[in-house]
Amino acid sequence: MAVTPAGAAAGPRPKVRSRKGGAAVPLDDADKRLMNALQSKFPLDPEPFTVVARELEMPEDDVKSRTQRLLRERIIREITPIFDTRALGYSSMLVAAKVDSENPHRAARIINAHPGVSHNYLRTHEFNLWFTIATPPDSKLGLEGTLEVLQRETGAESIRQLPTLTLFKINMNLEMEQGTDALAAAIDVAPPRELEAQPYDEVDVAVIRALQGPMEVADRPYDAAAAEVGMTTEAFLDHLGAMVDRKILRRVAAILYHRRAGFSANGMGVWRVPEDQVLEVGRRMAAVRGISHCYQRPTYADWPYSVFTMAHGRSKDECDAILDSIADDHGLHGEDRAVLYSSTEFKKIRLHYFTEDYAAWEREHASV
């Protein structure tokens, strides 16, 4: 595999194909700079596009027109607040299910119908359906009861509950400008986040309900949400800043359609790490630029892997290069590692919080 040095003028070029089926589309250097900026942080400012334009030294009209085009062409999925599920008291976990390999789509449809399922992938493993699910603090079924219903309705032969024990990193921020060396390199990373529920009140809930979901490309995109909760925009933004400090809001940012942005592969690298080394190894794995998520999760007799890393690349080769660099760095080869690639994306959404959808699902599926 040819590797382009970081910072080289000619970076990897995604294969440009028909836009049907979510294939990659061509992007110029200004698009990539803009997407890097919007993924990192959408400013908490009354006129955020003005701030972005100033930081990128681009005309503001160009920033807004490019953002609108990237949204229209389904390269940017949405610009949205990213709230912390656990901080809001929601119970959540990753689940691996062993479903009928001849017809996994049936099980996927049943699982996707739950409003707390944000991601659902078919992966190359005996446990073939992998999904993340959350239930609200007032759920009558709770997470365990919900999974019992889903296992019964899908006919899954077996499921493995893989809750987060330690969160080392969660930062879905694709590097648009540089090459494979940059993705495999180490960067500064924040220490593991706390996962305990944080206190919040009715004002917080009103702010979340008003802002969650896609934001418009407008001169003052926070104004409408602020007016909905009866605040000035300045007070609304101050409240959002305080929610960041309280760990309820991670950030506001652009979420991309990976494949259309040129990142056609994602591999879940899982690692068998001795228990007394998990914290140190997990922190180092999280520091790799091309790793978006890094967690410690429980092990089972048939699942010995304690550390999970998600790698994203423009090709399978690039994902392999990122994960191989981790394997070499930690001496984890052979049975100490595995890579599960996704073959089908059944669902990927941002969760909406404090809606009636959860209770409605429980009434329909569990008579509660």
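Trainee: Over the ring of which residue does the charged end of lysine 98 sit?

Mentor: A charge sits over a ring if NZ of Lys or CZ of Arg is within 6 Å of the ring centre and within 35 degrees of the ring normal. Here the charged end of lysine 98 sits over phenylalanine 127, 4.9 Å from the ring centre. Arginine 297 lies over the face of phenylalanine 308, with 5.4 Å to the ring centre. The model is predicted: local features need pLDDT of at least 70 and side-chain atom pairs pLDDT 80 or more, while totals for chains, interfaces and linings use all residues. Residues are numbered from 1 along each chain as its sequence is written, and side-chain values use heavy atoms, leaving out hydrogens and water.

Trainee: How many aromatic pairs does a search of the whole structure find?

Mentor: Rings of Phe, Tyr and Trp (its six-membered ring) pair if their centres lie within 6.5 Å; planes under 30 degrees apart are stacked, over 60 edge-to-face, and the rest tilted. The search finds ten such pairs. One of them joins phenylalanine 83 and tyrosine 353, edge-to-face at 6.3 Å centre to centre and 90° between the planes.

Trainee: Where in the chain do phenylalanine 83 and tyrosine 353 lie?

Mentor: Helices (H or I, at least four residues) and strands (E, at least two) are DSSP runs, numbered from the N terminus. Phenylalanine 83 is in strand E1 (residues 76–83), and tyrosine 353 is in the loop between strand E11 (337–348) and helix H12 (357–366), 270 residues apart.

Trainee: Is tyrosine 353 buried or exposed?

Mentor: Buried means under 20% relative accessible area, exposed over 50%, and partly exposed in between (1.4 Å probe, protein chains only). Tyrosine 353 has 3%, so the residue is buried; phenylalanine 83, at 2%, is buried too. Tyrosine 90 also pairs with tyrosine 353: the centres are 5.0 Å apart and the planes at 85°, so this pair is edge-to-face. Because tyrosine 90 lies in the loop between E1 and strand E2 (91–98), the pair ties together parts 263 residues apart in sequence. Ring pairs link these residues into a cluster that includes Phe83, Tyr90, Tyr353 and Phe354.

Trainee: In which sense do E2 and E4 pair?

Mentor: Two strands pair if DSSP finds at least two bridges between them. E2 and E4 pair in the antiparallel sense over seven bridges, with alanine 97 opposite leucine 129 in E4. Strand E3 (residues 117–123) pairs with E4 in the antiparallel sense over five bridges, and asparagine 120 stands opposite phenylalanine 131. E3 and E4 form a hairpin, with five residues between them. Strand E4 (residues 129–135) is mostly covered, six of its seven residues being buried.

Trainee: Which residues have the most contacts inside the largest nonpolar core?

Mentor: A nonpolar core is a set of buried Ala, Val, Leu, Ile, Met, Phe, Trp, Tyr and Cys residues joined through side-chain atoms within 4.5 Å. The largest core has 44 residues, and Tyr222 and Leu240 have the most contacts inside it. Helix H7 (202–211) is among the elements that supply at least two residues each; H7 gives the most, with five. Contact means heavy atoms within 4.5 Å. Leaving aside neighbours within four places in sequence, leucine 240 is in contact with residues including Val207, Leu211 and Tyr222. Another core lies apart, with 21 residues, among them Val95 and Leu122.
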